Amino acid sequence: MPKKKAKAIADAADMVVDGFAVSRHELGYKIVNLNSGNVVVVSGKFKVLESSMDEIEEAIAVRNLTENMEFLAA
């Protein structure tokens, strides 16, 4: 992903952790890997709804979200 695009996504995100930008989404949360550009959308109960990530990348993204929920911008 081009650095300019990654920066724009990170700036618009509610939280950035370990290279993943997390934003609230109408279905729950949208997580973008700022290195690869892959995206996963998870429900409020952390179930994968849509994804362009492989299973390992999804697991890392969801783990980062669940472990850092307290830091998610209000």
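Val 42 in strand 4 has Val 48 in strand 5 as its bridge partner, and strand 4 is joined to strand 5 (residues 48–51) by three bridges in the antiparallel sense. Two strands are taken as paired if DSSP finds at least two bridges between them, and the elements themselves are DSSP runs numbered from the N terminus, with helices being H or I runs of at least four residues and strands being E runs of at least two. This is a predicted model, in which local features need pLDDT of at least 70 and side-chain atom pairs count only at pLDDT 80 or more, while totals for chains, interfaces and linings use all residues. Residues are numbered from 1 along each chain as its sequence is written, and side-chain values use heavy atoms, with hydrogens and water left out.

The hairpin of strand 4 and strand 5 has four residues between the strands, and in this hairpin Phe 46 takes a positive phi near 65°. On its other pairing, strand 4 meets strand 3 (residues 28–33), again in the antiparallel sense, over five bridges. Within that pairing, Gly 28 stands opposite Ser 43, and Lys 30 has Val 41 as its bridge partner. The hairpin of strand 3 and strand 4 has five residues between the strands, with Gly 37 at a positive phi near 85°. Strand 4 (residues 39–43) is largely enclosed by the rest of the structure, because four of its five residues are buried; here buried means under 20% relative accessible area, exposed means over 50%, and partly exposed lies in between, with a 1.4 Å probe and protein chains only.

Taken together, the five strands make an open sheet with the order 1-2-3-4-5 and antiparallel pairing. Strand 1 (15–17) and strand 5 stand at the edges and have a single partner strand each, so one side of each is left without a neighbour in the sheet. Neighbouring strands of this sheet are turned by 25° against each other on average, direction ignored, where the axes are lines fitted to C-alpha atoms, for helices over the stretch in contact, and angles run from 0 to 180 degrees between N-to-C directions.

The rings of Tyr 29 and Phe 46 have centres 6.3 Å apart and planes at 10°, so the pair is stacked; rings of Phe, Tyr and Trp (its six-membered ring) pair if their centres lie within 6.5 Å, and planes under 30 degrees apart count as stacked, over 60 as edge-to-face and the rest as tilted. The pair links distant parts of the chain, since Tyr 29 is in strand 3 and Phe 46 is in the loop between strand 4 and strand 5, 17 residues apart. Tyr 29 counts as buried at 13% relative accessibility, whereas Phe 46 counts as partly exposed at 28%.

There are also three salt bridges, each being a side-chain nitrogen of Lys or Arg within 4 Å of a carboxyl oxygen of Asp or Glu. Asp 14 forms one of them with Arg 24, the closest N and O atoms being 3.7 Å apart. Asp 14 lies in the loop between helix 1 and strand 1 and Arg 24 in strand 2 (residues 20–25), so the pair ties together parts that are ten residues apart in sequence. Both partners are partly exposed, Asp 14 with a relative accessible area of 26% and Arg 24 with one of 43%.

The other salt bridges lie within helices. Asp 11 and Lys 7 bring their closest N and O atoms to 2.8 Å, and because they are four residues apart in helix 1 (residues 3–12), about one helical turn separates them. Asp 11 counts as exposed at 57% relative accessibility. In helix 2 (residues 55–67), Glu 67 and Arg 63 are also four residues apart, about one turn of the helix, and their salt bridge has its closest N and O atoms 4.0 Å apart.
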